[in-house]
Amino acid sequence: MKRLALLVGTSEYPECEKLSPLHGSLLDVDAMQRVLVANGEFATEDVVVLKNASRQAIEDAIHNLFNGRDRQKDDLVLFYFSGHGIVDEANKLFLGTPSTRKEGNKIVKPTTVAATYLQEAMNDSKSQHQVLIFNCCFSGAFAQGLTVMDDGSVNLKEHLGGKGRAILTSSSSTQFSFQPDGEMSIYTRYLVEGIETGAADRDGDSKISVDELHEYAALKVSQESPSMTPAFYPVEQGGKIYIAKVAQAKDDPRLVYRRELEGRIVDGKWSLPARKLLDSLRVRLELSEGDAEGIKSDVLKPILAKARKLEEYEELLKEMLEERNPPSTQELKDLRDYQKDHLRLRDEDVADIDHKCGLKVFASPVIVIPKEVDKPKKESNGLVLDLPNGVKLELVDIPAGSFSMGSDDYDSEKPIHKVTLSAFKIGKYPITQKQYQSVMGNNPSNFKGDNLPVESVSWDDAIAFCKKISEITGQKLSLPSESQWEYACRAGSTGKYCFGDDVNQLEKYGWYDENSGDKTHPVGEKLANSWGLHDMHGNIWEWCEDLWHGNYNGAPTDGSAWLTGGDQNRRSLRGGSWYYGDFGCRSAFRFRNNAF
């Protein structure tokens, strides 16, 4: 049985100015070569390293790796790539080479290595133990490009076949991978660290399997760059392939202490009892204080890196808001791109900073009538109100009932609690610019269009709109309470969204940062929830009547708005927006902004 590896690093892309140099890619392959030889029991001559190689050289090396004449079924073959990954219109993955170029916005495919070439080489190989590691943008597309079943899962077994295969990717099919300028990429850095320190040996058997290695690296990446989501696709026990041995003895004091540190850290810190236990352990292990602090620093490295990114984001936001608040559409887009593409922070990571700095957001009202009314024209599932200038406002019946409000995903959504509501009616869509204009005589929106949701409306403006439309129609209309909004949004669902938990379905129901094109869209273009409401996920934030409270302790349980205590200057927002990520579009997600 042989252990063979092909490590490909591409750092230069002179033919395509849109592909920036990735100098860290060469550091990546050097580090992987080092640990495979030192810890992975790979012979030096069996680890092939290609740096800035041509497409032909890479493809020849792939063929030799998987299909060389002396390849046997018990051989372990490992392919590693660090460089630019590129996807085409069909979301198929291509690996960049120094000759890669684009014509217009389309990749010239013969200048790349197609992932399908690699897949074919795998399938033709006699080796039944194969590990592929992709450290590149959109790397998850390698697996997704094989087949996606009706439930959204990837059937790797059917399309790759074989035994003992494992695919590790540094990002999803839609994400960029983060590589600091002139440094190793984050994902590879933690792969190497997990092997060299022995920390990736999760079960303590002095061997590191592929699944243990990925679990360790993915955890560290999530601590440092939360918006990156490394993925792991094992086929027929592929995750159990032994990739490296632990150089340290099982009872090595440094390794024992490190494992205890890793196991007891919560939210980036150790509790007082944990610190006492760790101090006692250090003494028993006869570790010096200096050695212990060095190991602590190592464990805290990704957490402190995230803290520095948050500080950088806050400084940038404060400077931006000194010039204008709310920021322009382009400024807000640039801010979110910097947050996600450069800092690798999620919306939920910066939500508290947005709040602290007083960032004003684009928002719209949605209208509620608390009980059945007979005057307006009756329709199949609700009411239609007549507004000035022949404009109509359609409302949908929401049945009485109970539901579990909140989630365990975020502190502001806790505790989950039961709310029982009377029947009410709510707007079928967010208020449009045409409707707002007909009632208020003006249109403050940034994006213009009669059927676009009205935005740049403060909470005070929304209340004034409710008051005036009540006078016009003779009906008492108001903003929904948070519980009314979430109940209506869920429409009976107990999942993260009105359609369940599969985030891949979100694009069918809402406009958010992945599909909006950086703008709002006409209401009603996406699917309605099961109660007939549109745009509850994404497109535009929607005001609620409630004062902002940091959690649900003491919240009303009868569906009424929470108008006591809390932050008297801020009100609640729901639904996410065209510039927000999928996490912020969840039914339970809560946001807040100044009322004025």
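**View 1. Pairing of strands E5 and E8.** Strand E5 (residues 93–95) pairs with E8 in the antiparallel sense over two bridges; two strands count as paired if DSSP finds at least two bridges between them. The model is predicted: local features need pLDDT of at least 70 and side-chain atom pairs pLDDT 80 or more, whereas totals for chains, interfaces and linings use all residues. Residues are numbered from 1 along each chain as its sequence is written, and side-chain values use heavy atoms, without hydrogens and water. Helices (H or I, at least four residues) and strands (E, at least two) are DSSP runs, numbered from the N terminus. Opposite phenylalanine 94 stands alanine 114 of E8.

**View 2. The open sheet E4-E5-E8.** Three strands form this open sheet in the order E4-E5-E8, with antiparallel pairing. Strands E4 (85–87) and E8 (113–114) are at the edges with a single partner strand each, so one side of each has no neighbour in the sheet.

**View 3. Helix H13 and its packing.** In H13 (residues 433–440), the residues Gln433, Gln435, Tyr436, Ser438 and Val439 are buried (under 20% relative accessible area, with exposed over 50% and partly exposed in between; 1.4 Å probe, protein chains only). These buried residues pack against strand E18 (392–398) and helix H14 (459–473).

**View 4. Surroundings of serine 516.** Serine 516 sits in the loop between helix H16 (506–509) and strand E22 (541–548). Its relative accessibility is 1%, so serine 516 counts as buried. A polar atom of the serine 516 side chain lies 3.1 Å from the backbone nitrogen of aspartate 518. Not counting residues up to four places away in sequence, serine 516 touches Trp511, His521 and Trp578 (contact: heavy atoms within 4.5 Å).

Conventions: A polar contact is a pair of N or O atoms within 3.5 Å; within protein, one must be able to donate a hydrogen and the other to accept it, and residues adjacent in sequence count only if both atoms are side-chain atoms.
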